[in-house]
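Here is a note for a colleague who is opening this entry for the first time. Please keep the sequence and the model side by side while reading the numbered points.

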Amino acid sequence: MSLNRYSLSLLAFATLLVGSHPSKADRPVRTSPALSEWSPARATYYASSDPQVAGGGACGYGDLMKSGYGMATAALSEALFERGAACGGCFQIRCVEDVRWCIPGTTVSVTATNFCPPNYGLSVGIDGGGGGGGGGGGYCNPPNQHFVMPIAAFEKIALWKAGNMPVQFRRIKCVREGGVQYRVDGARYFHSVLISNVAGAGDVVAVKVKGSMTGWLPMGRNWGQNWHINADLKGQPLSFEVTTSDGVTLTSYNVAPKDWSFGQTFVGKQFPF
């Protein structure tokens, strides 16, 4: 968590990420109106070289740069993660209370892409300072509402020296480029579909799939935003019905052609935002 001797190099890297002309993958999540009121929480950061950013994360999105989420992401504590149901949801966060470290009048918008697990061996520390740790270190322990962000996102609202900062957050609609993406994996009669790049509420709560020789079949959440079903769907074009947490349902017909293969990604319609 701490920048210590590597502070100069990491700050230089963060400057490139949050400069005046960021690349497409590094731009913050564009958002539309709020879905909830402001609530209290705390936030820390991890260095961009941390292994968390390279892995697939608890939501299953894989390489966040390649999947379009970039550095505008966050890992959520157990109190917010909802066993993966929050994956894909968008949050607006602002720094509060600490005039030493907050950047006045700023917010950052992030997508939930990972889980910050509790560490019951550490106390629930809440005091800030010292490069992201703060207090006893158990900042993702229940009942804490906590966000862990890349340093590039954290520095949009506070100086990196702030460490474990008091913040406020609210749910907002996500604005995405292109359509909802469906990555189909599995083997024989087992099908797993990763659903990503979802606009609107962003977090998917129900999925159905339909082949040309079947009716609508409900899928179950496997983990994160990976949904699965045991069925014989090979050789059939696939249609999907996706419902987000605000109750909006999107139907995309014949997203995958009849000659689809496992490991392919297909793009359907997009939710309104």
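**Note on the predicted model**

1. With a relative accessible area of 0%, Phe 240 counts as buried, where buried means under 20% relative accessible area, exposed over 50% and partly exposed in between, with a 1.4 Å probe and protein chains only. The ring centres of Tyr 182 and Phe 240 lie 4.4 Å apart and their planes stand at 15°, so the pair is stacked; rings of Phe, Tyr and Trp (its six-membered ring) pair if their centres lie within 6.5 Å, and planes under 30 degrees apart count as stacked, over 60 as edge-to-face and the rest as tilted. The two residues come from distant parts of the chain, Tyr 182 from strand S8 (residues 181-187) and Phe 240 from strand S13, 58 residues apart.

2. On the basis of the model: this is a predicted structure, in which local features need pLDDT of at least 70 and side-chain atom pairs count only at pLDDT 80 or more, while totals for chains, interfaces and linings use all residues. Residues are numbered from 1 along each chain as its sequence is written, and side-chain values use heavy atoms, with hydrogens and water left out.

3. On the chain as a whole: its secondary structure comes to 3 helices and 15 strands, taken as DSSP runs (H or I of at least four residues for helices, E of at least two for strands) and numbered from the N terminus. Of the 273 residues, 51% count as buried. The chain exposes about 12300 Å², of which carbon and sulfur atoms supply 55%, the areas coming from the Shrake-Rupley method with a 1.4 Å probe, and for residues only the protein chains shown count as cover. Among contacts (heavy atoms within 4.5 Å) between residues at least 6 apart in sequence, 71% join residues at least 24 apart.

4. Tyr 45 and Phe 154 form a tilted pair, 5.1 Å centre to centre and with 55° between the planes. This pair also links distant parts of the chain, since Tyr 45 belongs to strand S2 and Phe 154 to helix H3 (residues 151-154), 109 residues apart. Both Tyr 45 and Phe 154 are buried. Elsewhere, ring pairs link Phe 91, Phe 147 and Phe 169 into a cluster.

5. On the disulfides: how many does a search of the whole structure find? There are 4, a disulfide being a pair of cysteine sulfur atoms within 2.5 Å. With bonded cysteines counted along the chain, they follow the pattern 1-2, 3-8, 4-5, 6-7.

6. Cys 59 and Cys 87 form a disulfide with their sulfur atoms 2.0 Å apart. Cys 59 sits in the loop between strand S2 (39-46) and strand S3 (73-76), and Cys 87 in the loop between helix H2 (78-81) and strand S4 (90-95), 28 residues apart. The torsion about their S-S bond is about -80°, so this disulfide is left-handed. Cys 59 is buried at 0% relative accessibility, and Cys 87 is buried at 0% as well.

7. Cys 90 and Cys 174 are also joined, again with sulfur atoms 2.0 Å apart. Cys 90 lies in strand S4 and Cys 174 in strand S7 (residues 165-174), 84 residues apart. Their link is right-handed, with 120° about the S-S bond. Cys 90 counts as buried at 1% relative accessibility, and Cys 174 at 0%.

8. A disulfide joins Cys 95 to Cys 102, with an S to S distance of 2.0 Å. The torsion about this S-S bond is about -65°, so the disulfide is left-handed. Cys 95 is buried at 13%, and Cys 102 is buried at 15%.

9. On the sheet that includes strand S13: an open sheet of 8 strands has the order S14-S13-S10-S11-S12-S9-S8-S15, with antiparallel pairing, where two strands pair if DSSP finds at least two bridges between them. Strand S14 (249-256) and strand S15 (264-267) are the edge strands, each pairing on one side only. Strand S10 (residues 204-210) and strand S11 (residues 217-223) run antiparallel and are joined by 3 bridges, with Val 209 standing opposite Leu 217 in S11.
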